[in-house]
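Please read the following report with the model open beside it. It moves from the whole chain to the sheet and then to pairs of charged side chains.

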Amino acid sequence: MPVITSIADLKRLHKRRTPKMFYDYAESGSYTEQTFRENTEDFAQIRLNQRIARDMTGRTTKSTMLGQEVAMPVALAPVGLTGMQRADGEIKAAKAAEKFGVPYTLSTMSICSIEDVAENVSEPFWFQIYTLTDDDYNKRVLERARAAGCSALVITVDLQLLGQRHKDLKNGLTAPPKFTPAVLADLATKWRWGIEMLQTKRRFFGNIVGHVDSAADPASLSSWTAEKFDQSLNWDRIKQLMDMWGGKVILKGILSEEDAEMAAATGADAIVVSNHGGRQLDGALSSIRMLPKIVNAVGDKTEVWLDSGIRSGQDVLKALALGAKGVMIGRAYVYGLGAMGEPGVTKALEVIQKELDTSMALCGERRIENLGRDDLLIPNGFFDTYS
């Protein structure tokens, strides 16, 4: 294994070893990618408050998420097409998360199916669903998730329609890829990816193909998903989906105080402050800028987590110090998966945990629950720049 000291190291390997269309799928935002960039740039503006002469023995990053004990308050977010970053990618990521002691979330738009993942792990994982109009499909996929032992449902509420990502259109993104001359030329330099992909049977959307009559191939699947996203979504409909599940629910995609209050009122067990990694509304504020206002708006009515922009343990520390009870990471672990498969996901988690632990110590903190605004140095007006 090469010497990996940061998530950026994994990102470079990911780009080198993964087909361009799938690397670009992960490493892109909508339109000008302003929000995509500012998710990380805004984290960089927040500094840490160094403290000395404090007893740092007995330090721990352990915490809980939804009452579940975790090695650190970091969950693997749902990411579509993970099985195209690396063969059987969802299985590899889920296994790494389980061994490390953090939650894994399987996307509806995964390559490996719910059953594929369940057969390869021993602990419950979470399942993510979109707000689709097809209740026949919704009921069947949720029943499959229950049968697989999934312990929580993540409902993505910020994708009533798909934000335009220029790179995906220009690359002709499909799963599996269409073998155009440009794709074949790219794949010729990604031989390791190709060999692994030839050895797996999992190359289509495992939670949809074979479970929806009108989505039997990539072309019809694209039409089905475009038609089924619920553009008439409202809070009654969200509550209906929650009741359909009947268990613990996380609402992901909250970016305003008003929506956070409405989400808490539904009885959601957790809400995720997120702009979908900058992949939906370009020009929206970064998640970290909105976090304190949303934490203040909901109080202790529900757990508040943050997603979008996390690339280091220091980013995790900053989010927790601003009131988040946990975070979700997407690209940070996908870089590791694309770079080295399951060991790469493990390495990404190790890097983040070590950075979190070391930075906590140098800020004079020993426990996750003790992190607070005193540990940060924030630019004047940072949270009030926009109104």
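Among contacts in the protein (a contact means heavy atoms within 4.5 Å) between residues at least 6 apart in sequence, 75% join residues at least 24 apart. This is a predicted model, in which local features need pLDDT of at least 70 and side-chain atom pairs count only at pLDDT 80 or more, while totals for chains, interfaces and linings use all residues. Residues are numbered from 1 along each chain as its sequence is written, and side-chain values use heavy atoms, with hydrogens and water left out.

**The whole chain**

For 387 residues, a compact globule would have a radius of gyration near 21 Å, and the value for the protein, 20 Å, agrees with this. The radius is taken over C-alpha atoms, and the globule rule is 2.2 Å times the number of residues to the power 0.38. The C-alpha trace spans about 60 × 50 × 40 Å along its principal axes. Of the 387 residues, 58% count as buried, where buried means under 20% relative accessible area, exposed means over 50%, and partly exposed lies in between (1.4 Å probe, protein chains only). The accessible surface comes to about 16,300 Å², and 50% of it belongs to carbon and sulfur atoms; such areas come from the Shrake-Rupley method with a 1.4 Å probe, and for residues only the protein chains shown count as cover.

**Helices and the sheet**

The protein has 17 helices and 12 strands, which are DSSP runs numbered from the N terminus (helices are H or I with at least four residues, strands are E with at least two). Eight strands form an open sheet in the order 4-11-10-9-8-7-6-5, with parallel pairing. Because strand 4 (74–76) and strand 5 (105–106) stand at the edges with a single partner strand each, one side of each is left without a neighbour in the sheet. Two strands pair if DSSP finds at least two bridges between them, and strand 7 (residues 152–156) pairs with strand 8 (residues 249–254) in the parallel sense over four bridges. Leu-153 has Val-249, in strand 8, as its bridge partner. Helix 13 (residues 257–265) lies across strand 8 and strand 9 (270–273), and runs at about 170° to strand 8; the axes are lines fitted to C-alpha atoms, for helices over the stretch in contact, and angles run from 0 to 180 degrees between N-to-C directions.

**Salt bridges**

How many salt bridges does the structure hold? There are 21 salt bridges in the structure, each a side-chain nitrogen of Lys or Arg within 4 Å of a carboxyl oxygen of Asp or Glu. The table lists some of them.

| Pair | N to O distance |
|---|---|
| Arg-366 and Asp-55 | 3.7 Å |
| Arg-146 and Glu-143 | 3.3 Å |
| Asp-186 and Lys-190 | 2.8 Å |

Arg-366 lies in the loop between helix 17 (342–362) and strand 12 (376–377), and Asp-55 in the loop between strand 1 (47–48) and strand 2 (63–65), so the pair ties together parts that are 311 residues apart in sequence. Arg-366 is partly exposed at 32% relative accessible area, and Asp-55 is partly exposed at 47%.

Arg-146 and Glu-143 both lie in helix 7 (residues 135–147), three residues apart, which is about one turn of the helix. Arg-146 is partly exposed at 34%, and Glu-143 is partly exposed at 44%.

Asp-186 counts as buried at 18% relative accessibility, and Lys-190 is buried at 9%. Elsewhere, salt bridges that share partners join Arg-86, Lys-92 and Glu-196 into one network.
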